Amino acid sequence: MHLLIPAAGSGRRMGSDRNKLLLSLLGKPLLAWTLEVAEASDYITWIGIMGQPIDFPDFEEILANVSLTKPVKLIQGGATRQESVYNGLQALPATAERVLIHDGARCLATPDLFNRCAEELFRFPGLIAAIPVKDTIKITDDTGLVQDTPDRSHLWAAQTPQGFEVKLLKDCHAKGRQWGWEVTDDAALFEKCDLSVQIVPGEETNLKVTTPMDLAIAEFILKQRVS
């Protein structure tokens, strides 16, 4: 199973002037935690990291300090996550049939979640890890006036990993570029192409580290795991 890690973002919402994946969490960069999970997965055999060339020396230092047995390729990312994943897909080995895509900032995912997503990808052409929405969701107009309250029993909060058959996802990305579709995850491209996406139960602790508060919560969760 091949894995792509989008890691080309900035630390703007973190209040940092550097890639947030280089920030330290319990003495290790966020990216190091994500890579260790990929290493521990039973199914991952190849890892591609999409980033900006300015960060590649730091990524190489992280790789030198993480004991990985699986090959890793650094791939130039794009201006958006969508562009980065497109570049990653083009850099996959020609033999790649299925791919998991996991945000580098979701450094608390467990090897078990990776394994379950990989196993399900042999049954479904597309899938996402997700958890049920607990809060009541409101839909508003541009002024903030509530227009609707959807039934939350059918609402899921999308996470990663997301997994797809490589050929199908490449086709979806090509159509996205042709038609100018702008989406925030690869499952949305699958949906636009009328392809089915299966939910795989995610993990409550699989948060995306985006803000300083997220970083503090991630530190708390990791301390609980190692205690």
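**Helix, strands and a cavity**

Analyst: Start with helix α1, residues 30-40. It is largely enclosed by the rest of the structure, because 9 of its 11 residues are buried. Keep in mind that this is a predicted model.

User: Which residues of α1 are buried?

Analyst: They are L30, L31, A32, W33, T34, L35, V37, A38 and E39.

User: What cut-off makes a residue buried?

Analyst: Buried means under 20% relative accessible area.

User: OK, strands now. How does β6 pair with β10?

Analyst: Strand β6 covers residues 98-101, and β10 covers residues 156-165. They pair in the antiparallel sense, over 4 bridges. For a spot to look at, find V99: its bridge partner in β10 is F164.

User: And how many bridges join β7 to β10?

Analyst: There are 6 bridges there. Strand β7 is residues 126-132, and it runs antiparallel to β10. Here A130 has A158 as its bridge partner in β10.

User: New topic. How many cavities of 30 Å³ or more are there?

Analyst: The structure holds 1. The space in the largest cavity is about 30 Å³.

User: What lines the largest cavity?

Analyst: The lining is R81, Q82, H173, V183, T184, D185, D186 and L189. Two elements give two or more residues to it: α3 (81-90) and α6 (186-192).

User: How does that lining divide into nonpolar, polar and charged?

Analyst: The lining of the largest cavity has 2 nonpolar, 3 polar and 3 charged residues.

How values were computed
Residues are numbered from 1 along each chain as its sequence is written. This is a predicted model: local features need pLDDT of at least 70, side-chain atom pairs count only at pLDDT 80 or more; totals for chains, interfaces and linings use all residues. Side-chain values use heavy atoms; hydrogens and water are left out. Two strands pair if DSSP finds at least two bridges between them. Buried means under 20% relative accessible area, exposed over 50%, partly exposed in between (1.4 Å probe, protein chains only). On a 1 Å grid over the protein atoms alone, a cavity is a set of points where a 1.4 Å probe fits but cannot get out, and a pocket is an open set with protein on both sides within 12 Å along at least five of seven lines; lining residues have an atom within 4 Å of a point. Grid points are joined across faces, edges and corners, and a volume is the space filled by probe spheres set on the points. Ala, Val, Leu, Ile, Met, Phe, Trp, Tyr, Cys and Pro count as nonpolar, Asp, Glu, Lys and Arg as charged, and the others, Gly among them, as polar.
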